[in-house]
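Keep the sequence and the 3D view open while reading.

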Amino acid sequence: MASYEWFTSRRNYELEWQKKCLPSQPATNHPLKGITVTEIKQAETKGTPFRSKAPQKADFIDPLSSGDPLSADGAINLAFDGADPLSRFAAEALPATKARSGSEKKISSTSADLDETFEPWNAKKAGILAKYTTSEKLSITTSFLSASDKERVVIKSQAQVTTVTDKVRNRLEQLDDFEEGSVKEMMNLSQQDYVKRIEELNQALITAWEQDQRVKSLKIAIQCSKLLADTSVIMFYPSKFVLITDILDTFGRLVYDRLLEKAQYFPPGSTRPVRLPANFTPADVPESAKETCRNWFFKIASIRELIPRLYVECAILKSYSFLTSGEYADALKRLAWMTRGIGDPLVAVYARCYLSRVGILVAPNIRDHILPCFDDFLATFSQLQSDSVQNVLAAQKMEMPQYLTLFSPALDWILQCLAHRASDATLTATLEKCRQQCNNALLLNSIMSAFQPQFIASRATLFTEMIRECEDQGFPKHLLQQSLGRCLVVAETPEDQKLSVLNEVWKSVVKLKNPGDYITCAEVWIEFVVKHFGKREVNKILADIIKHMTPDRAFEDHYGRLQSIVSKILTHMQDFSQVFSLDKFLPFLDMFQRESIKVEVCKTVLEAFCKYQQEMVNDPVVINAMMFLCKTIHDSVNALTLDDEKRVIASLLSGFIRRVSFGRDFEQQLSFYVEARASFSNLDPVLITLIQSVNSLSMETRRVVKGNHSRKTAAFVRACAAYSFITIPSLQSVYAQLQLYLQSGQVALLNQCFSQADAFFKTAISRIPELPNTLETDGKVRSSEPFLLEYISNFVSTLLVTPDSPEAGVLYLLRGLLNVLQDYTWDPSSDARIIAYVRVLAALSAFSQEEYLYHVDKVDANDAMYGSDPKFLAEVKSTTDTLTNQVLSHLKTLSAPEMEKRKITLAMDFLNTVIAHSDLGNPAMGTLAANLWALIQRSGQADAKLMKRLASYVQSKASSGERGFQSLASQLKLEVGSTV
Amino acid sequence: MATLDIRLKKVNKIYREGDLVAGVVVVQSKGGELQHQGISLVVEGIVNLQLSAKSVGVFEAFYNSLKPIQLLHYPLEIAKPGRLPSGKTEIPFEVPLKPKAGKTLYETYHGVFVNIQYLIRVDMKRSLLNKDLSKQCEFIIEYKDQEEKAKPKPVTFSISPETLAGVKEKQAIPRFKVKGKLESSCIQITRPLKGELTVEHCEAAIKSIEIQLVRVETCGCAEGYAKDATEIQNIQIADGDVCRNIAIPIYMIFPRLFTCPTLSTNNFKIEFEVNIVIIFHDDHLVTENFPIKLTRF
C-alpha cells in the first residue's frame, strides 16, 4: 500500500488574526432603521385603519425608544422615528379589535355588566351537588318515564282539529290528562337512580321539543318544577334544585330559540327573511312571533299550581323581550312577590334564588327584585321555627344546624346578586337590617361569603362582635369564624383592628373541642396571622395547634389541613431564616408521621425554598433544618420511585445545594459538599450538581488568588480535585462521567494541578470504551456517536494546552486516546472513527506549530516544553502520517456505489482539513488535494455550492500569493470550468 | 287528491265590527286538474245556547236546547264551476263584518251552556264521484267600543269564622283571620286580576290558598231561566303553611276565549265571579265569593 505523508503548514496565528480583523468604519446610519416612514391615524372609519404615506413623518412614540440606549444619541433618535414593524402591527390591530369589541359590547350588552368578579352559577353547581347528598330513597312523580306510559301522551292527531277552540281544548285535555291520569310515582330510587331519571326527563324534554311536541315538553317542564315542591328528602333538596333548574334552563332556552327563529322578518327593501339581530327591540318582532310568545305566557299563567307556575315563568322570562322592552322589571318584581305564597321556607328561598339567577342573566341591570326577595326572606325567617318545619325535621330526623346549612347555597346566591356592584351604603343598610331583624348565624355566614371581602374586612371588629352576639341556633359558629377569616385574608383589615380581631377570634377558636372544627378554623386564620403579624404570634399559634392536635393523635385525620397550613406559612413568610427560627415549626412538621405525607410536606417546604429564597444561605440553622428535610425526601427514593418523581426530587435538592454559600469560607463550603454527598448519594443529578459546585468552588478560589495559588490554596484546590475524582466514579451514567472528568480535568489544569489533571484525563480515556452505543435523552434513544465525536474534539483541544507528563512519553495522552479510538467498537455503518481522525489531524497540525493557538494562564504547554524540538515534531509527523493513511485507506474501502454519498462527504471533510492545515506547497500535499478534488468532482454528488465556495477560497488565497495555492488553484479552476 | 285551506291575513285572527276579514282560500291539487261545481264561502256568527241538565230535566235538556241565534251570515261564491290547475291555487276574498239587522256582534266566548262563535266556512262542490270538500276556520271578534269602561272599584274583605255563612258547628272551625283586598271588581279583560291577602293569624296549618274563576251563564227562554255557575280556572296563590302577616299577592290573568266582557242580553247572560278558597291541612275549605265585572276597555 502506497503510504502518504502529512506535511503541516507553518502558521503564524498572530498574523492571521490581524488579517481577519476587518477595518472599522464610523457608522452614520442606524442599521435597523425602517425603510418606510409610517403615519398612524386613529381611524374613525372601521375599514382601513392604517395607511402608509411615504413622505410624512409622525410623532409617534416607539415603545422601544424609551430607555433605549440608542436614543440617547440625538442623531440616531431622529433617524429612528420610523415605525418598527411590531408597533406598526400593534397599531393596525388596535382599531380593529376596538371595532370588534364595540360590536361585541352591543351584542352582549346584557351580560356586559357581569364581570369576572361575579361568580357564575355554573361554578357553584358542582359544589352543591357534591355537598348535598343523601342515602335515603327518593321518589319521582311523572308520567314520562315508565315505558308503558310513554306513548300515552303522544299528541293526538291534529289533522281533523279544525277550530282554534278545538285545538285549545285538545291541549287542555292533554294537560288534564297528565295532571290526573297517567302520573305515576316511582318509589325507592337511590340518589343515582334519581339523578339518572332527571337526566332522562331532560332528554325527554329535548326529544319532545325536537319532535314538535311542545305541549309535551311544557308538561315535562311543569312536572319537573313540581318536584321542587317536594321536600320529602330534605337533605337532597339543594342538589335536586340544581338538577331540575338545569332542565328548566334548557326549556327556557328552547322556547327562546324557537321564538327567535319564528321571528324572522323582512327588512325594508328586501324579500328575504332575516333573523332578528341579537339586540332587537320588540318593534322588530313580527306579529306572528309575538302571538306565539303571548300564547306561551297565557298558557303558563293558567298553570294551576303556584310553584310550577313560578318556575316555568322564570324559565321563559327571557322571551318577554319579544313583547315589550320594559317587561323584565315588572315581571321580576311580580314573580318576587309571588314567592311569598310559598309556605315552606326552604322551597321559597330556592325559588327566590332561581328568580334572581334568571334575573341576573336576562337583565343584569335590574336589581329591584333582589332586595324585596331578601327582605321577604328576612320577614319569613320566623317560619323556621314554625310547627310545620319542626314536624318535617322531626320526620326526617334532621338537626337544626344541618337544616340551616341547606339554606346556604340559595342565600349565598341571593346575597351575591345583592352585593354585586352595590354601593357601600346598600351593604351597610342590608347588614343593619339583618342585625335588627334576625341576628342569625346562617345569615351572617352568607353575608360574609357574598359581600366583598374588603367590605367585611373594614368592619372586622363589628363582625367579631356580631359573631359573638348572634344566636347560633345550631348553625355552628366555627363556620362563621372560618368565613370571616377567609374574608380578612384576602382584604386589608384596618391596622388598629387586626390585633383585637385576632384575639377575639382566637379566644373562641381555642375553645373548640372537636379537632376537626378547630383545625379548619386554624387553617383559615393562620394565613391572616402570617400575613399581618410577626413570628412571635405565628409561633404561638403553631404551638397552640400542636397542643390541640397531639391528643389522641388527632393530627392523623387532618393531614390535608396541616399541610395547607405549612404551605400558607411558606407563601407569606419567605425569609427562611425566620421560618426556621420559629421554635415550633419543626415540631409542627414532626406531626406528619405518615411517611408519604411527610415527604410531601418536605417537598412543599423545599419548593418554597427554591422559589422564594433568592439570596445565598449561610445560616447554619436553616442549612441544618433544610438538610434534615432534604434527607427525608432523599431517603424516600427507592427502586419503585418513578423517574419523573426522581427528577423532581433531584432538581429540588440541587436547587437547595446551589443556594448554600458560605461566602469566602471555602473550606466550610467544601465540607458542606462532603456532607451533602454523604447524604444524597442515590441521586445522580444531585451528585453532578455537587461536582459542578466543587469545580466552581475551585475556580472561585483561583479567581480570589488571581491565579497565584499559595500553599494553602493549592492544597485546597487539590482537595477539590480529589473530591471530584472520587465522586465521579459513583455516577451511573458513563456519559456524565466522561463530561465531568474532562471538565474537572480542565479545572485542575487551570489550577495548575498537573498530576490531578493527568489523572482525570487518563481515567476519561480509559472510560471511553465503556460508553454505551446508545444514549437515552428525553425518553428517546439516540446513537452516542455524535456525542462522542464532539467529546473527542473537545478533548483533543484541551490536550493542546496540556503539557506532557515528564514521566510518560511524547503525547502519550493523545496516543492513548487514539489507541482507544482504534479499539472502540464503532457502528460499522458510520464513519465516525475516520471523522475523529480528521479532527485529530487538524489538532496535530496545531501541535506542531512553533507557538500554539491558545494557552492556559501560568501553564506551559508542549510548545514551550519542547521548543519545536525536531524529535517531537517527528513524533507528531509520524502520527499524522499514520492517520492520513488510515483516512485514505478507509476512503478506498467505501467503493460500493451505495456508499458513494458517505465517501464524498468524508472526502470533502478531509479536503477541507487538507486545504486548511496542510502545507500545500509540498507537492505531495498538493497532489493529495488535487486528487481529492478530482474524486469529489467525478462523483457529482457533492454540494455544488460548497465546492464553489472552496474553489473561490483557494482562488483568493492564490491571489494573495499563498505558497502552493496557485498550482492548486489552476487545477481546481480547470475542473470547475468544465462542470459549470 | 285535493285539499282546501283558509288563511287569514291577520295572524291573531282578531277582528272588530266593521273590519274586513281578508284572506285567501288555498286549494291544493295533487295529480292533475281539479274539476269542481263551484266554491262557496260563508261567514257566520252564532250564539249557541244549551240548557243544563241540572236546571231542567235530562230529557228537556236534550230536546229543548234553545234555538241558535244567528248574529252574522254572509254567503258568497268565490269560484264558479270549472277547473282549477294542478298545484296550489290561492283565491283571495274579503268580507265586511256587519251584523244582521237588529243584532250585535258579541265577543267570542266559549262556555259550557253559552257559545259565541264566528266561523268562515268554505265548501267546494264536486261531481258525484268525488266527495265535496269543506273547511272551516274560526275567527275572533272583539268589541270595537264599549260604553262601560273598567274603573277602579276596590274591594276589601276579611274572612274569619264569624263571617262564614252556612256553618253548623262554629266551634269546630279553627280560629283564623284573613284580610285582603282586590284592586278592583270592574276589570279590563286584558288586565290581570290583582290584589293581595294577608293571613293575620290561623290556628290550623294552611295547605293552599287558591283563586277560582267562575262563569255564571244564564239562559232565558219562555219557560224561565236556567242559571249555572262553572269553574273556568283555578290558580293557586299560596302553597303550604304560609308566613303570617305578610301580604301574598293575588294575580290572575283572564284566559282568552273562555272569558269575555260581562254580557247581558234578552236571551242570555254571561257573568263572572271570583272565589278565594282557603284550604286547611285537614282539607276543610273556606270560600269567599266576589262577583266581578269584565269589560273590554
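## Strands and pairing

Two strands count as paired if DSSP finds at least two bridges between them. The model described here is predicted.

## The four-stranded sheet of chain B

The pair belongs to an open sheet of four strands in chain B, in the order β12-β13-β15-β18, with antiparallel pairing. Which strands stand at the edges? They are β12 (155-159) and β18 (247-252) of chain B; each has a single partner strand, so one side of each is left without a neighbour in the sheet. From one strand to the next, the twist averages 20°.

Strands of a sheet pair through backbone hydrogen bonds, either parallel or antiparallel.

## A loop residue in chain B

B:S127 lies in the loop between β10 (114-124) and β11 of chain B.

B:S127 and B:H36 are 91 residues apart along the chain, yet their C-alpha atoms are separated by 6.6 Å. Leaving aside neighbours within four places in sequence, B:S127 is in contact with B:Q35 and B:Q37.

## Chain A as a whole

Chain A contains 44 helices and four strands. Of its 980 residues, 36% count as buried. Among contacts in chain A between residues at least 6 apart in sequence, 74% join residues at least 24 apart.

Two of the strands of chain A form a hairpin, β3(A) and β4(A), with two residues between them. Strand β3 (residues 774-777) and strand β4 (residues 780-783) of chain A run antiparallel and are joined by four bridges. A:T774 stands opposite A:S783 in β4(A). In the turn, A:D778 has a positive phi of about 50°.

## Three helices of chain A

Helix α10 (residues 287-301) of chain A has 15 residues and reaches 21 Å from its first C-alpha to its last, close to the 21 Å expected at 1.5 Å a residue. Its buried residues are A:A289, A:C293 and A:I300. These cover an arc of only 35° around the axis, which puts them on the same side of α10(A). The cover over them includes α9 (237-262) and α11 (306-315) of chain A. Helix α22 (residues 495-510) of chain A has 16 residues and reaches 23 Å, close to the expected 22 Å. Its buried residues are A:K498, A:V501, A:L502, A:V505 and A:V509, and they pack against α20 (460-469), α21 (477-490) and α23 of chain A.

Helix α24 (residues 535-549) of chain A has 15 residues and should span 21 Å at 1.5 Å a residue; its end C-alpha atoms are 21 Å apart, which agrees. The buried residues of α24(A) are A:V538, A:I541, A:L542, A:I545 and A:M549. Seen down the axis of α24(A), these residues fall within an arc of 100°, so they line one face of the helix. The face turned away from the buried side of α24(A) carries the exposed residues A:R536 and A:K547. Among the elements that cover the buried residues of α24(A) are α23 (515-532), α25 (559-572) and α27 (585-590) of chain A.

## Nonpolar cores

In soluble globular proteins, nonpolar side chains tend to be buried together. The largest nonpolar core has 271 residues, of which A:A221, A:Y311, A:A351 and A:I414 touch the most other members. Leaving aside neighbours within four places in sequence, A:Y311 is in contact with A:S225, A:L228, A:L248, A:A351 and A:Y354.

## Where the chains meet

How many residues does the contact take from each chain? It takes 25 residues from chain B and 29 residues from chain A. On the side of chain B that touches chain A, β11 (133-142), β17 (224-239) and β18 of chain B each supply at least two residues. The largest share of that side, seven residues, comes from β17(B).

Key
Residues are numbered from 1 along each chain as its sequence is written. Chains are lettered from A and ligands numbered from 1 in the order in which they are written. This is a predicted model: local features need pLDDT of at least 70, side-chain atom pairs count only at pLDDT 80 or more; totals for chains, interfaces and linings use all residues. The expected span of a helix is 1.5 Å times one less than its number of residues. A residue is buried if 20 or more other C-beta atoms lie within 10 Å of its own, exposed if 12 or fewer, and partly exposed in between; C-beta atoms are placed from the backbone. The arc is that of the directions from the helix axis to the C-beta atoms. Two residues are in contact if their C-beta atoms, placed from the backbone, lie within 7 Å. A nonpolar core is a set of buried Ala, Val, Leu, Ile, Met, Phe, Trp, Tyr and Cys residues joined through C-beta atoms within 7 Å. Axes are lines fitted to C-alpha atoms, for helices over the stretch in contact, and angles run from 0 to 180 degrees between N-to-C directions.
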